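Keep the 3D view open and follow along.

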Amino acid sequence: MSLLKVVGLDKSYHSNFRVLTDINFEVDTGEFVSIIGPSGAGKSTLLRCINRMVEVNEGKILFGDLDVGNLSKKALRKLRTNIGMIFQHYNLVPRLTVIENVLHGRFGYKTTLQGILGKFTEKEKEHAFFLLEKLGISDHAYKRCDQLSGGQQQRVGIARALIQEPKLVLCDEPIASLDPNSSKVIMDHLKAITSELNITCLVNLHQVDVAINYSDRIIGLNQGEIVFDGPSQMLTEGRINSIYGTETRQLITV
Amino acid sequence: MSLLKVVGLDKSYHSNFRVLTDINFEVDTGEFVSIIGPSGAGKSTLLRCINRMVEVNEGKILFGDLDVGNLSKKALRKLRTNIGMIFQHYNLVPRLTVIENVLHGRFGYKTTLQGILGKFTEKEKEHAFFLLEKLGISDHAYKRCDQLSGGQQQRVGIARALIQEPKLVLCDEPIASLDPNSSKVIMDHLKAITSELNITCLVNLHQVDVAINYSDRIIGLNQGEIVFDGPSQMLTEGRINSIYGTETRQLITV
Amino acid sequence: MEVANIRRKRDGRITIKAGSKAEALMVSTLMILAVLTMIGFLLFDYSGLELKKAISETGNNLKTMFLEPALTHFSWGEAIYQVGITVGLAFLATVLGAVISIFLALFAATNLSNEWVSKVIRIFVAVIRAVPTVLWVLIFAIAAGLGSEAAIIGMLFHSIAYLVKAYSEVFEEVDEGTLEALRATGSNWWHIVMHGVIPSTLTYLMSWTFLRFEINFSVAVAMGAAAGAGGIGFELFMASGFYFDLREVGMITYAILVVAIILEIISTRLKNRYFPSQ
Amino acid sequence: ACSEGSAGADGKEEADDVIDIVWYPNESGSDMKSSRDEIGKIIEEKTDKKVEHHLTTDYAIAIETLVNNNADLAFMGAQGYVEANQKNDAIQPLAVPTGPSGTLDDAVYHSWLAVNVDDQENYKEDGEYAFDTIEDKKMSFVSNSSTSGFKVPSASIIDHFSSKEVYADLAEEDLMEGGELFSQVLFGNSHQGSAVNLLSGNADVAAFCDTCVENYVEVAEGEENKQGSVYKVKEDAAEPFNKVTGSEFTLISVTPVLNAPFVANKDVIGQEDFDKLQALFTSDEVANNEQIFVPEESGESGLFFKTDKERFSEVEDSWFDPIRELSN
Amino acid sequence: MNDIMIRKRKWQFTIFLIIMIAATYASSIITDFNALHGITTFPAALYWIFSNMLISQETLTRLPSILDKLLETIFMSIAATTTAAVISMFLGLMGSTTTRVNRAFSSLARFTASISRNLPVVAWALILLLSFGQNSLTGYLALFVGSIGFLTRVFIETIDEASQSSVEALRATGATYFQIVNKAVIPQCLPLLISWILFMIETNIRSATLVGILTGTGIGYTFDLYYKSMNYNVVALVTFSIVITVIIIELLSNYIRKVIL
Ligand SMILES: Nc1ncnc2c1ncn2[C@@H]1O[C@H](COP(=O)(O)OP(=O)(O)OP(=O)(O)O)[C@@H](O)[C@H]1O
Ligand SMILES: Nc1ncnc2c1ncn2[C@@H]1O[C@H](COP(=O)(O)OP(=O)(O)OP(=O)(O)O)[C@@H](O)[C@H]1O
Ligand SMILES: [Mg+2]
Ligand SMILES: [Mg+2]
């Protein structure tokens with residue numbers, strides 16, 4: 001059985017404009033899937049539908065055997081703890097320490113009161129340190145997040161997602177604000193998550209070449225419709241053009 | 001005679017730490033020179049010394065036959081009109097229109113009163129439009145700058161520098177915040193300036209490959225000292241390592 | 001795997017706070033304020049207070065004021081005219097204050113001015129702001145006689161003090177890069193101010209000015225009356241201090257509220273129309 | 001004004017043909033408007049100058065305006081006059097409304113100290129009302145710039161207590177700040193307010209004047225303006241007395257206070273106009289003007305009432321000496 | 001077309017200027033304001049200040065009672081501000097688009113703030129004075145109401161600005177509303193909130209003069225007493241002590257601001 005199944009998904013923010021139209025795909029455990037497409041194609045919206053940060057208009061999203069659209073408030077929280085999310089701008093709480101930000105990933109397992117008091121078990125804290133160590137930023141554990149570089153902050157974001165012990169990680173342009181060096185580090189980590197921890201990754205990307213290099217499979221979106229879905233080797237120049245429209249990207253000659 | 005001559009330049013912001021040490025080089029009219037080097041090497045500082053945005057501690061900077069360090073306030077303004085500057089973050093006045101921002105480049109030629117009233121001649125306005133047309137953004141002339149994409153804003157920055165009718169253009173990482181597509185457009189424009197208008201360009205860059213591709217000559221800085229100065233073909237892999245230190249840049253495999 | 005860098009408390013549990021100075025200061029500030037508040041409540045002089053009666057009476061009074069408003073001592077036409085005077089006083093104090101403040105603020109902003117000039121202006125402004133408005137009004141009533149001049153100049157002092165502080169902070173937030181770019185074109189100080197600083201801060205300047213206008217309106221209610229410049233505040237004073245007519249006070253309060261809310265709406269509209277932020 | 005060019009600092013040019021009159025809050029109410037306007041009108045007719053009325057809610061500003069040569073005329077309490085005159089001796093009384101006799105002999109009103117009827121026994125010593133009993137009580141005055149609501153009663157209180165050792169250097173400031181003598185000092189900000197402070201129980205003892213509350217109260221027992229008399233709030237009394245209708249209070253002290261004068265700043269108005277106006281005010285014509293001296297039975301409100309032979313009378317500065325002595 | 005736009009903008013600006021000038025003129029007429037007369041009085045005003053506002057030896061004897069009242073005012077301002085801040089925090093959370101529970105509460109919170117900000121303090125003081133009498137609590141309440149209005153407004157703005165992105169991130173981890181508020185919103189906004197609270201304390205001490213005059217409490221009351229008896233020497237001393245207090249508090253809060261922001 002597939003981990004995630006999207007069936008006939010339609011989404012519009014305003015009644016007169018449809019952002020996603022009839023999206024269908026399945027993702028298996030441990031897959032690394034990139035979603036590419038021009039700006040405004042609906043990539044971010046698609047990710048947000050999956051953990052119901054926005055409500056779906058039509059169609060179904062099945063996570064394991066759960067129908068995401070039909071969950072009670074409590075079950076939805078439960079679902080979200082099973083799905084980690086990583087953002088382009090990291091979305092950390094800037095004034096808190098790295099370790100505090102990582103531990104925020106545990107809230108889904110807490111009662112409101114525990115969460116408010118900020119009670120975390122020793123085991124959770126140790127796990128957090130373990131993750132930071134693995135991501136190579138345990139040196140900065142007690143620094144405030146706004147004192148870190150972009151690449152370091154993104155790794156905190158990853159740690160926060162991983163400490164949720166998710167089955168699926170959604171990444172919305174995780175490297176768009178990073179320099180090439182840090183980008184490589186982050187992509188390598190994401191890749192490692194899928195291969196070592198067997199967690200599924202769904203990544204929105206702008207960099208076609210990165211997508212081809214890292215992912216098993218690529219989904220191409222254009223104007224809210226899937227125009228390509230297949231293994232990354234199959235993404236030919238012509239298909240790239242059909243995803244991004246005819247104006248071919250004039251990449252700088254590097 | 002060379003256009004710009006830097007002799008024995010020393011610069012420190014705080015007495016205990018020297019940012020630039022004994023910098024010597026000459027640049028001829030129409031040259032396209034890139035300055036590369038790791039973060040903190042002093043690239044930005046070097047550019048700022050040339051039009052005296054910061055004061056020099058030791059040494060001389062000669063622009064034509066002017067000693068930059070010895071100019072009166074008025075002569076300094078005059079000098080600056082002769083030197084255009086282009087910035088990484090464009091540094092436009094966000095709420096003003098494109099054309100207004102371009103015309104700011106003419107203030108150096110105005111009296112205080114003319115400047116305050118914002119009086120520009122028809123000829124100046126026509127010139128501004130001509131430049132926008134050439135840079136391919138005349139469509140946006142009446143838009144507010146904050147409504148433009150990064151690449152478009154950078155072209156406004158170039159137009160602002162060009163309308164000064166400068167002999168020298170200083171560019172501080174002009175493409176660092178741009179996507180590859182826009183980067184190419186901007187670098188092509190800068191190249192065109194030197195070849196078509198015979199204006200000298202001094203460009204700080206992080207992208208070694210871009211530097212090699214576009215410039216006649218490259219200056220490599222490391223910890224405030226020139227460690228390489230020569231034609232771009234001569235920049236071998238080994239020399240790149242000596243500029244950036246031994247930790248070779250792990251560029252993402254694109 | 002035992003991980004380096006873990007900090008533990010004495011009982012062996014892992015800390016997650018940075019323990020920075022800022023954090024400690026924030027916590028202690030809040031604690032101190034809480035303690036001072038409690039001391040305050042203990043120290044207050046409660047003489048003559050019967051809380052239960054007071055609260056029910058307040059309720060009654062509010063009811064009389066707001067549910068049975070009426071004008072007895074003057075007419076509606078008069079009321080509108082008087083409100084007009086109050087708005088006029090506030091408007092003049094704000095406009096004059098804004099114009100003067102812009103210039104002072106340019107010299108008070110550290111990124112546009114010399115350190116010493118800036119310091120002198122700041123101290124001057126802080127002192128002016130600490131002197132009660134009514135004293136300024138008195139001083140100018142003595143010098144200029146009763147009338148709008150005393151009220152407006154009295155309010156002007158505080159408007160300037162407030163706006164200079166607000167404006168100069170806005171100016172200081174102008175992107176240093178923008179200023180640098182203009183400097184690099186050979187622009188002089190006035191060019192930079194007129195075409196770089198002012199345009200990029202206009203929305204904020206407007207917000208602060210409108211906020212001050214609202215404040216000045218409520219100050220003008222009290223000060224217009226004291227300075228003999230009239231306005232709705234005079235009627236309010238008479239209704240409350242001499243006729244003890246709560247219904248009239250209610251009506252005047254309504255009139256003031258309506259005007260204040262209209263002003264707020266107009267200022268938001270104006271701001272959005274002429275100085276849109278996007 | 002300014003006809004002799006001696007007007008002070010401001011050099012207001014049009015001041016020459018404008019007469020500025022300053023009114024206290026007490027006389028600034030809209031019910032006094034017809035009287036104010038009438039006085040303005042007759043002054044305009046007499047002097048051919050324009051009259052401007054200035055209404056203020058602030059006593060200090062009113063006095064200072066006159067003192068600093070920014071106004072010509074004011075109608076102010078005797079205490080206010082004394083202070084103004086002390087700061088600037090160009091300020092002189094123009095005229096004072098007389099009592100019913102038409103002479104200065106009864107040109108007085110009364111400052112009361114009152115207590116609630118039910119408590120009146122507490123304020124007696126050996127069957128006589130005595131000041132000693134008000135020690136440590138909650139006291140309500142009108143405002144510290146009021147003649148009859150503060151200056152006069154506080155002077156008598158201080159006079160009484162300073163003979164005792166503990167209170168030897170009791171000063172006016174001590175009374176207004178509360179503390180020492182009283183357990184609390186309230187200010188009603190108007191005579192009505194002070195009276196209501198008493199009747200509503202916020203204060204034990206209150207100072208206020210007879211004329212200021214005469215519309216609201218009537219004698220219930222004893223004679224007008226006599227110590228020990230009891231007054232009762234009328235059943236149809238207007239606000240702020242409407243919540244305490246029917247309550248009664250007893251006077252434990254009654255002190256006559258000199259009537260409030262119209263005063264002029266001679267430097268500003270000039271001797272010529274001063275004389276003109278003095279003649280005008282004291283004329284029979286004014287005395288019989290029903291807008292200014294409103295017949296009592298008419299039910300209208302106004303600045304002054306006519307019960308018998310009331311009129312304005314000329315007055316010497318020295319007439320105010322009794323008040324002046326209180327301040328020292 | 002573009003040319004039309006820029007002309008339209010110029011037009012609008014001209015209209016705006018004309019409106020402002022017309023409004024200024026109309027205001028001068030209705031209030032009978034003569035700017036020239038106003039300006040020429042400055043020397044006289046200065047002269048008056050320097051000849052009357054003198055602190056003499058004798059006035060210093062009044063210092064203890066002044067300091068007493070000053071202390072009362074400081075406590076009053078702090079108490080009013082902190083308690084108002086607690087209420088405003090709730091209203092702010094309700095009112096902000098990031099953290100609101102629903103639209104209706106949000107409008108309600110904004111409306112409450114707007115009313116309490118715009119109700120004239122004169123009217124409030126009167127109502128409170130009538131029923132609470134002349135004591136510290138009255139002054140406290142008058143300041144309290146005004147503080148709620150102002151603080152709620154700035155709290156809403158602060159919360160709106162600071163927290164959008166991390167709130168989204170925490171929502172995505174499955175955190176509950178209170179966890180989000182407590183761990184994402186408050187830590188981020190706290191320095192700014194504290195900064196506003198300090199600013200409000202300063203403002204309240206300053207406006208305690210007016211409120212004191214109206215409600216007969218604190219240093220404002222003392223000011224009023226001496227001012228009314230025209231004892232300007234003591235008025236000068238009172239003013240001076242307010243100035244010193246406000247400046248000390250301003251310096252203190254500037255220091256705190258500098259460390260925490
Ligand atoms: N909250 C929202 N309310 C209304 N419209 C929205 C909202 N979020 C996104 N949209 C619209 O939905 C469309 C798709 O947006 P989305 O952010 O999903 O695109 P995207 O593919 O992620 O683009 P990008 O590459 O620029 O991030 C766009 O037209 C956008 O304007
Ligand atoms: N205004 C300043 N005051 C003090 N030190 C400064 C200032 N500007 C730069 N420095 C210091 O001078 C050194 C060189 O800085 P500079 O900005 O010239 O480097 P750079 O080569 O441009 O680096 P990057 O590639 O990161 O832009 C750095 O150590 C920096 O910290
Ligand atoms: Mg997106
Ligand atoms: Mg740099």
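## A negative patch on chain D

In this predicted model, E214(D), E223(D), E224(D), E290(D), E296(D) and E297(D) come together on the surface as a patch of negative charge. A patch here is built from residues with over 30% relative accessible area and no salt bridge, with like charges joined within 9 Å and nonpolar side chains (Val, Leu, Ile, Met, Phe, Trp, Tyr) within 5 Å. Asp and Glu count as negative and Lys and Arg as positive, while His and the chain ends are not counted. Each charge is placed at NZ of Lys, CZ of Arg, CG of Asp or CD of Glu.

Helices (H or I, at least four residues) and strands (E, at least two) are DSSP runs, numbered from the N terminus. Is E224(D) buried or exposed? With a relative accessible area of 55%, E224(D) is exposed; exposed means over 50%, buried under 20%, and partly exposed in between, using a 1.4 Å probe and protein chains only. The areas themselves come from the Shrake-Rupley method.

A word on conventions: residues are numbered from 1 along each chain as its sequence is written, and chains are lettered from A and ligands numbered from 1 in the order in which they are written. Local features need pLDDT of at least 70 and side-chain atom pairs count only at pLDDT 80 or more, while totals for chains, interfaces and linings use all residues, and side-chain values use heavy atoms, with hydrogens and water left out.

## Salt bridges within helices

Over all chains, the whole structure holds 55 salt bridges. Each one is a side-chain nitrogen of Lys or Arg within 4 Å of a carboxyl oxygen of Asp or Glu.

In chain B, E122(B) pairs with K125(B), with their closest N and O atoms 3.2 Å apart. About one helical turn separates E122(B) and K125(B), because they are 3 residues apart in helix α5 (residues 122-134). E122(B) is exposed at 51% relative accessibility, and K125(B) is partly exposed at 32%.

E115(C) is exposed, at 51%, whereas K119(C) is partly exposed, at 39%.

## A link between chains C and E

Where does K165(C) find its partner? The side chain of K165(C) meets that of E250(E) in a salt bridge of 3.8 Å, N to O. This pair crosses between chains, from helix α6 of chain C to helix α11 (residues 232-260) of chain E. Both K165(C) and E250(E) are buried. They belong to a network of salt bridges that links R129(C), K165(C), E169(C), E202(E), R206(E) and E250(E).

Helix α6 of chain C (residues 148-172) has 25 residues and spans 35 Å from its first C-alpha to its last, close to the expected 36 Å, which is 1.5 Å times one less than its number of residues. The rest of the structure largely encloses α6(C), because 23 of its 25 residues are buried.

L162(B) belongs to helix α6 (residues 150-162) of chain B and is buried at 10% relative accessibility. L162(B) and H127(B) are 35 residues apart in sequence, with 9.9 Å between their C-alpha atoms.

N101(B), in helix α3 (residues 98-103), is buried with a relative accessible area of 0%.

Terms used. Areas by Shrake-Rupley, 256 points an atom, 1.4 Å probe, with all protein chains shown as cover.
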